[in-house]
Amino acid sequence: IIVYAEIDGQIHIHNFKVVDKNEGFYVFAVPAGEYYMIAYEDANSNLAYDTGEYFGQFGQPDRISVNGLKPLDGLNIEVARTDGFPEGFPADVSKVTAVMSIRDIATGTVTTLDDEKFSDENAHLGFWQPATGFITVGAGVYFLEPYDPTKIPILFVHGASGSPRNFRFIAENIDRRRYQPWFYHYPSGFPLEKISRFLNRMIIYLHERYQFKKLFVTAHSMGGLVSRRLITRPGEVFWQAAFTRPLEELRLSPEDRVTLKEAFFWKPAGHVRRVIYIAVPHRGSDYADNPIGRISRWLVKPPSRFESFYERISSANPGAFTPEYSALGRGELDSVDALSPRQPTLQILAGLPNSHPVREHSIIANRGRPGPLAESSDGVVPYWSSHIERAVSEKIVPAGHGAIDHPETVREVNRILRLR
């Protein structure tokens with residue numbers, strides 16, 4: 001995939017990325033400016049376009065305007081043509097020096113929890129300045145050891161302003177002879193839909209690569225909401241909540257239509273057989289609506305807006321968004337907004353049936369305070385939000401929202417992992 005500019009009638013390649021045909025992920029970090037994109041199949045792996053190889057461009061091609069650190073989404077390219085490849089590209093892109101780069105997206109990179117990318121500083125950067133965090137730190141699924149087909153992978157998903165290091169105590173105390181820890185690391189200030197879609201696509205890719213038979217998930221706080229896409233199939237419910245008319249009636253480019261379809265009518269990765277939720281706000285948290293949450297929303301919003309995509313749809317289709325999702329039409333639905341109990345997304349997500357048999361377990365904290373359980377809270381998430389009827393077990397621990405490190409939490413996780 002090549003991102004390039006046209007200057008005085010000449011093509012100047014800014015950067016390129018070789019993408020596995022089964023993966024499909026690409027990210028470029030570029031300075032503000034005007035760009036175009038083209039992609040081609042490299043069937044003989046010579047890094048050059050050869051006659052007969054498939055290629056495609058973004059749009060006709062369409063100019064891509066980049067302003068500051070605001071991410072552009074929905075830049076899909078269909079690689080399906082074999083004639084008319086434009087002239088002016090170097091014969092071998094390996095000789096091109098990239099102007100600016102981004103950390104690779106990890107799909108099974110082996111590392112340790114001491115990796116600097118998992119530091120508290122970078123975790124906070126990913127929340128307050130998610131675009132900057134994505135460019136400078138990266139994201140993806142990380143392993144602590146090379147894939148072992150004799151072990152069950154257990155995916156750990158952190159919450160807002162978190163990192164894989166949050167799970168160190170649990171990861172160091174599970175049976176590593178039977179389980180292999182995987183960690184999803186992501187900039188938590190991005191919109192919930194984008195974070196969860198990214199994870200779903202990576203797990204689909206990892207399954208294609210390793211063919212594991214089952215996957216367990218342990219998620220803390222917002223990480224539980226991120227993980228729900230792995231085990232649910234939305235049907236029409238999300239689309240009907242957000243849009244006033246069917247997808248086929250909207251005026252969209254082919255690329256935008258593909259992106260919307262993937263966002264609202266996703267296919268779950270599957271293969272998840274057990275999920276452990278730790279202090280997860282299934283129905284939201286009042287934190288999002290209190291003064292701290294409002295300040296957080298204001299600070300997080302600028303880099304996490306996606307005007308280039310959703311505002312484009314809104315301007316081409318006036319009245320397409322329902323009143324409840326008008327913020328989405330302005331590209332303003334960030335991860336703080338998503339945690340508000342008033343946000344319909346959470347209520348819909350909590351009520352979605354699982355797409356396949358999954359055993360779900362809840363670990364809920366109440367700070368060890370006396371009083372009715374139904375009125376308790378971990379200080380951030382109330383019991384009524386963490387409790388789900390479909391859970392096959394529910395454990396109350398005398399801790400706050402950081403219950404992830406509590407000894408009783410670790411004992412309960414190990415009890416669940418010993419189940420057959």
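**Strand β8 and its sheet**

In this predicted model, strands β8 and β9 pair in the parallel sense over six bridges; two strands count as paired if DSSP finds at least two bridges between them. Local features need pLDDT of at least 70 and side-chain atom pairs pLDDT 80 or more, while totals for chains, interfaces and linings use all residues. Residues are numbered from 1 along each chain as its sequence is written, and side-chain values use heavy atoms, without hydrogens and water.

Visitor: Which residue in β9 stands opposite P153?
Guide: Strands here are DSSP runs (E, at least two residues), numbered from the N terminus. β8 and β9 are parallel partners. Opposite P153 stands Q180.

Visitor: Which residue in β10 is the bridge partner of L155?
Guide: β8 also pairs with β10, in the parallel sense over four bridges. Within β10, L155 has as its bridge partner V217.

Visitor: How many residues of β8 are buried?
Guide: Buried means under 20% relative accessible area, exposed over 50%, and partly exposed in between (1.4 Å probe, protein chains only). One side of β8 carries the buried I152, I154 and F156, and the other carries P153, L155 and V157, also buried. The number of buried residues in β8 is six of six.

Visitor: Which strands are the edge strands?
Guide: Eight strands form an open, mixed sheet in the order β6-β7-β9-β8-β10-β11-β12-β13. An edge strand pairs on one side only, as do β6 (106–110) and β13 (393–397).

Visitor: In β12, what is the bridge partner of I276?
Guide: β11 (residues 272–278) and β12 (residues 359–365) pair in the parallel sense over five bridges. In β12, the partner of I276 is H361.
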